[in-house]
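My notes are below, in the order I looked things up.

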Amino acid sequence: HMRELILLRVRRLGAELERVLVLASVIGCEFRLPVLEQLADLARPVLLETLTRACDARLLRDFTTFSHALIQESLYASVPVAQRAALHQRIGHALEAVLGVEVESCPGELAQHFVLAAAGGGDAARAVTYCKRAAEQAFHQLAFEQAVSHYQAALEALVLQLPVDEELRYQLKLGLGAALFRAGHDGTPAFSAAASIARAMARPDLLARVALKLTGWPRLLHRRHTNNPAFYPLLAEALTALKRA
């Protein structure tokens with residue numbers, strides 16, 4: 001009921017303002033003005049005049065922020081599902097253009113839009129690329145739960161575009177295993193999956209890398225030892241495979 005009232009309030013302010021706010025809602029509760037400018041295809045003065053009206057109506061806190069998350073969520077929910085993916089794709093490309101050489105600084109923001117685009121038939125390869133970068137960034141920042149989420153999203157996006165790059169899937173499984181352990185979860189299944197991919201590709205070097213990654217997990221990391229029962233059989237298998245290669 002509240003969402004219906006919000007939409008009714010927005011519609012009373014005119015079709016153009018509603019269009020701009022709906023586009024802003026797809027970007028997020030906070031949005032970048034240059035991205036919205038590209039998405040709405042409006043000159044900056046016209047866009048600012050429209051956003052000023054939204055601020056006066058207390059729908060926006062300022063030119064880049066909705067005054068309440070429920071307003072953004074209500075407008076976003078009004079977008080037909082079939083159109084959302086295309087809009088997220090456009091937002092992702094607009095973000096790339098706006099960020100330019102600084103695109104590496106916020107892969108998570110790009111990952112979010114390209115993942116949602118890929119789910120509706122958009123650029124899955126870009127989704128995987130940015131999710132992987134976001135996962136690596138989060139891992140280095142010790143945000144291990146975020147790293148896990150980004151690795152999982154990358155793996156989900158990877159299978160949306162066939163044929164699947166198995167070496168990339170291996171890399172993602174390896175990263176996921178490490179992130180899971182650092183987040184306090186069991187990363188062994190992810191490492192085991194990486195080992196299975198290495199076997200299928202007949203790559204003893206990749207198999208050995210899994211064994212090396214398992215060193216120290218899940219305990220005794222400071223001694224570079226492990227009590228993981230999966231480690232020693234995998235290490236023996238990798239050494240035998242390397243000798244045969």
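**Ground rules.** I am working with a predicted model, in which local features need pLDDT of at least 70 and side-chain atom pairs count only at pLDDT 80 or more, while totals for chains, interfaces and linings use all residues. Residues are numbered from 1 along each chain as its sequence is written, and side-chain values use heavy atoms, with hydrogens and water left out.

**Entry 1, Q72.** I found Q72 in helix α5, residues 69-77. Helices here are DSSP runs of H or I with at least four residues, strands are runs of E with at least two, and both are numbered from the N terminus. Q72 counts as buried because its relative accessibility is 12%; buried means under 20% relative accessible area, exposed over 50%, and partly exposed in between, with a 1.4 Å probe and protein chains only. What does the side chain of Q72 reach? It reaches the backbone oxygen of S25 at 2.8 Å. I also listed the contacts of Q72 (heavy atoms within 4.5 Å). Leaving out residues up to four places away in sequence, Q72 touches S25, G28, C29 and F66.

I looked up H113 next and found it in helix α7, residues 107-118. Its relative accessible area is 1%, so H113 is buried. The side chains of H113 and H88 are joined by a polar contact of 3.0 Å. A polar contact is a pair of N or O atoms within 3.5 Å; within protein, one must be able to donate a hydrogen and the other to accept it, and residues adjacent in sequence count only if both atoms are side-chain atoms. Neighbours within four places in sequence aside, H113 is in contact with V26, I27, H88, I91, G92 and L95.

A nonpolar core is a set of buried Ala, Val, Leu, Ile, Met, Phe, Trp, Tyr and Cys residues joined through side-chain atoms within 4.5 Å. The largest has 62 residues, and L21, L36, F66, L75 and L172 touch the most other members. Apart from it I noted another core of 13 residues, including Y170 and F181.

I compared axes, which are lines fitted to C-alpha atoms, for helices over the stretch in contact, with angles from 0 to 180 degrees between N-to-C directions. Helix α8 (residues 124-140) and helix α10 (residues 166-182) pack at about 30 degrees, with axes 11 Å apart. That makes α8 roughly parallel to α10; under 35 degrees counts as roughly parallel, over 145 as roughly antiparallel, 65 to 115 as roughly perpendicular and the rest as oblique. Helices α2 (residues 15-27) and α6 (residues 81-99) have axes that come within 10 Å and cross at roughly 75 degrees. That makes α2 roughly perpendicular to α6. L23, V26 and I27 of α2 make the contact with L87, H88 and I91 of α6.

Most residues other than glycine have a negative phi, and most peptide bonds are trans. I found a cis peptide bond between L162 and P163, with omega about 0 degrees. P163 sits in the loop between α9 (144-158) and α10. D41 has a positive phi, near 55 degrees, and counts as exposed at 67% relative accessibility. R58 has a positive phi too, near 65 degrees, and is exposed with a relative accessible area of 66%.
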